[in-house]
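The following exercises concern a single protein model. Please work through each task with the sequence and coordinates at hand before reading the solution.

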Amino acid sequence: MGGRDDVGGGNGAYGRKAFKRSRAHFQDRITADGRDGWPVEAGRYRLVVSRACPWASRALVSRRLLGLEDAVSLAVADPIQDDRSWRFTLDPDGRDPVLGIRYLSEAYDRRETDCPGGVSVPAVVDVPSGKLVTNDYQQITLDFATEWTALHREGAPDLYPEKLRDEIDAVMDDVYRDVNNGVYRSGFATGQEEYESACTALFRRLESLEERLERQRYLVGDTITEADIRLFTTLVRFDPVYHGHFKCNRWKLTESRVLWGYARDLYQTPGFGDTVDFDHIKRHYYQVHTGVNPSGIVPIGPGLSGWTTPHHREELGGRPFGDGTPPGPVPPGEEIPATGRP
């Protein structure tokens with residue numbers, strides 16, 4: 001996943017070795033001026049994701065909201081990793097049809113063999129060379145919003161408005177430390193004190209976010225921004241996996257009137273829920289993290305029908321896309337199967 005859930009020793013080591021999220025090793029940027037050698041160019045790059053991964057899901061949401069589907073093609077990895085990490089067993093013959101590879105690690109190796117930090121998603125691959133360009137999960141979506149503007153769809157929202165960036169950055173830093181990464185620090189803790197510290201910080205931050213979102217529809221300003229995308233991808237996984245699998249169980253998302261309403265509001269906004277595959281999410285966490293869940297049993301709950309119920313968040317005002325418009329229909333081949341939807 002993003003920045004690699006860095007414990008070493010394969011899937012069975014999760015929850016048995018100290019957890020540390022490593023920084024992305026490949027931090028080249030794809031920019032309008034091509035200053036890192038990678039210019040923005042329609043059709044040149046392929047985004048590799050797992051729909052199970054919250055870090056990769058950020059890129060899925062951003063790509064959809066900005067209308068970059070035609071500019072950046074999409075490869076979806078099997079949610080079940082093996083010890084070589086992400087694989088393309090969902091595709092015919094087990095190969096990505098564009099890159100021609102069985103494992104994402106092959107694109108990493110074409111860039112640098114035995115690179116530190118392991119193989120993570122999201123990853124952007126240069127199609128002509130087959131080389132990895134970047135796995136910088138923190139920067140990819142910011143660049144989609146600011147460097148790819150020439151290829152944005154008409155009516156695309158401004159997900160990182162310049163006048164709000166300081167506030168967005170501050171909110172995202174808090175959310176990353178205590179929520180996005182906090183659930184992993186809780187779930188992969190190897191001792192009681194470590195677990196309680198992470199879990200306490202997680203719920204303290206969620207409670208502060210409740211207070212913020214009690215009075216405003218979105219985290220910063222009156223439109224959707226990058227900050228909302230980053231919080232959403234954790235919240236949508238909270239009850240299905242983090243509450244039980246990661247022991248983040250002080251309360252469920254559905255027990256928080258404010259956060260549950262906020263999460264449903266975003267889920268029902270085009271570009272969010274239509275990228276979420278609950279089947280991939282549950283099977284990945286419960287079957288891959290064998291150090292945490294040795295049986296590999298995937299629970300049948302929780303029920304998902306609540307995601308489509310009225311949220312009434314529109315009463316707080318706000319305009320999801322600002323002066324823009326919602327994205328169009330999901331492109332053919334990118335629809336979520338019925339098994340992964342509420």
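This is a predicted model: local features need pLDDT of at least 70, side-chain atom pairs count only at pLDDT 80 or more; totals for chains, interfaces and linings use all residues.

## Exercise 1. The open sheet

Task. Determine the order of the four strands in the open sheet, and describe how β5 pairs with β3 and with β6.

Solution. 
- Step 1. The order is β4-β3-β5-β6, with mixed pairing; two strands pair if DSSP finds at least two bridges between them.
- Step 2. β4 (73-76) and β6 (131-134) are the edge strands, each pairing on one side only.
- Step 3. On average, neighbouring strands of this sheet are turned by 35° against each other, direction ignored.
- Step 4. Four bridges link β3 (residues 45-49) to β5 (residues 123-126) in the antiparallel sense. Tyr-45 is opposite Asp-126, and Leu-47 is opposite Val-124.
- Step 5. β5 and β6 also run antiparallel, joined by three bridges, and Val-125 stands opposite Leu-132. The two strands form a hairpin with four residues between them, and Gly-130 in the turn has a positive phi of about 75°.
- Step 6. From β5, Ala-123 and Val-125 point one way, while Val-124 and Asp-126 point the other way; all are buried.

## Exercise 2. The packing of α4 on α6

Task. At what angle do the axes of α4 and α6 cross, and which residues meet?

Solution. 
- Step 1. The axes of α4 (residues 165-180) and α6 (residues 192-214) come within 8 Å and cross at roughly 145°. Axes are lines fitted to C-alpha atoms, for helices over the stretch in contact, and angles run from 0 to 180 degrees between N-to-C directions.
- Step 2. From α4, Glu-167, Val-171, Asp-174, Val-175, Arg-177, Asp-178 and Val-179 meet Ala-201, Leu-202, Arg-205, Leu-206, Leu-209 and Arg-212 of α6.
- Step 3. By class, this contact holds seven nonpolar, no polar and six charged residues. Nonpolar covers Ala, Val, Leu, Ile, Met, Phe, Trp, Tyr, Cys and Pro; charged covers Asp, Glu, Lys and Arg; the others, Gly among them, count as polar.

## Exercise 3. Aromatic pairs and helix α9

Task. How many aromatic pairs does a search of the whole structure find, and why does α9 count as largely enclosed?

Solution. 
- Step 1. The search finds 22 aromatic pairs. Rings of Phe, Tyr and Trp (its six-membered ring) pair if their centres lie within 6.5 Å; planes under 30 degrees apart count as stacked, over 60 as edge-to-face and the rest as tilted.
- Step 2. Phe-232 and Phe-272 are an edge-to-face pair, at 5.1 Å centre to centre and 85° between the planes. Phe-232 is in helix α7 (residues 226-235) and Phe-272 in the loop between α9 (257-267) and α10 (278-288), so the pair ties together parts 40 residues apart in sequence.
- Step 3. Trp-260 and Trp-307 also pair edge-to-face, at 4.8 Å centre to centre with 75° between the planes. Both are buried.
- Step 4. Ten of the eleven residues of α9 are buried, so the helix is largely enclosed by the rest of the structure. The cover over these buried residues includes α6, α7 and α10.

Note on methods. Residues are numbered from 1 along each chain as its sequence is written. Side-chain values use heavy atoms; hydrogens and water are left out. Contact means heavy atoms within 4.5 Å. Buried means under 20% relative accessible area, exposed over 50%, partly exposed in between (1.4 Å probe, protein chains only).
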